[in-house]
Amino acid sequence: MAPTPAGNRRTRVHVVSDVHGNARDLARAGDGADALICLGDLVLFLDYADHSRGIFPDLFGVENADRLVELRTARRFTEARELGARLWAGVGADRASVIEAAVRKQYAELFAAFPTPTYATYGNVDMPPLWREYAGPGTTVLDGERVEIGGRVFGFVGGGLRTPMRTPYEISDEEYAAKIEAVGEVDVLCTHIPPEVPELVYDTVARRFERGSRALLAAIRRTRPRYALFGHVHQPLVRRMRIGATECVNVGHFAGSGRPWALEW
């Protein structure tokens, strides 16, 4: 990590999202930057590119992971939930406890990889109550809040909107909109999910539209931040587009690329 910005020296920030268990590259993501920003989804429940990786295949095997991905990709969500229910019934243990133990193991490694300083918000697959235990003094967790970095104001809104996937940190449209409103006018608006624009929410590999936020889109048009940064959609139709005065950027699927997106001023 570079030293704290001083005087007229340029500031460089690295941004990652959708880390999904990639602790090795996360440990290097802040190299050469004044700060690291993480836009969530630290947990790896199931890797859609490699079905052998994640909490689900660790518990139930690759064959069941293959089937689950097949059903979800075909949008057969009821059958996917039924498959999950049958598998969990055979575990013979409390599902929440088993998942929490697996998430804790991943969080211990991932939070230890964060450089100082890191500014982070939650993704839809994260478990926010656990973050307080693992975030060290060099990591600032923000959700519906603002922080100044190098003379610019950054706003953070975490989580995702409710979907048939039922991931851990999905909230109502109203709660999400309230957090957007609380952030107000900023130079850089950092969220886990994108604004509700078809080109930004369509995943070309999963072949489906993910949920974006209309409240976020409205805020971008109204408050005109310099940048709107987000992740969530791993293989978007468009990674970057301008909405009015705002450059909207999907900072990438860090689990797959291992490379942060850089912002310098």
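How are α7 and α9 oriented relative to each other? Let's start there, and keep in mind that what we have on screen is a predicted model.

Helix α7 covers residues 173-183, and helix α9 covers residues 214-223. Their axes come within 9 Å and cross at roughly 20°. An angle under 35 degrees counts as roughly parallel, so α7 and α9 are roughly parallel to each other. The crossing of these two helices is right-handed.

Now for another helix pair, α3 and α4. Helix α3 spans residues 62-73 and helix α4 spans residues 77-89. Here the axes come within 8 Å, and the crossing angle is roughly 155°. That makes α3 roughly antiparallel to α4. This crossing is left-handed. From α3, the residues in the contact are N64, R67, L68, L71 and R72. From α4 they are F77, E79, A80, L83 and L87. By class, the contact between α3 and α4 has six nonpolar residues, one polar and three charged.

Let's move on to empty space. Rolling a probe the size of a water molecule over the atoms shows where such space is left. I'd like to show you the second largest pocket, with a volume of about 200 Å³. Which residues lie nearest its centre? They are G54, I55, D58, A102 and Q106, out of 14 residues that line this pocket. Two elements give two or more residues to the lining, namely α2 (55-60) and α5 (95-113). The largest share comes from α5, with six residues. As for the classes, the lining of this pocket divides into seven nonpolar, three polar and four charged residues.

Finally, two spots in the backbone. Most peptide bonds are trans, and most residues other than glycine have a negative phi. With that in mind, where is there a cis peptide bond? Please go to T116 and P117, which are joined by one, with omega about 0°.

You'll find H20 in the loop that runs between β1 (12-16) and α1 (23-26).

Methods
Residues numbered from 1 in each chain as written. Predicted model: local features only at pLDDT ≥ 70, side-chain atom pairs only at ≥ 80, totals over all residues. Heavy atoms only, no water. Axes fitted to C-alpha atoms, helices over the stretch in contact; angles between N-to-C directions. Helix = DSSP H or I, 4+ residues; strand = E, 2+ residues; numbered from the N terminus. Parallel < 35°, antiparallel > 145°, perpendicular 65-115°, else oblique. Left-handed = near helix turned anticlockwise from the far one by under 90°. 1 Å grid on protein atoms, 1.4 Å probe; cavity = no way out; pocket = protein on both sides within 12 Å on 5 of 7 lines; lining within 4 Å. Points joined across faces, edges and corners; volume = space filled by probe spheres on them. Nonpolar A, V, L, I, M, F, W, Y, C, P; charged D, E, K, R; others polar. Contact = heavy atoms within 4.5 Å.
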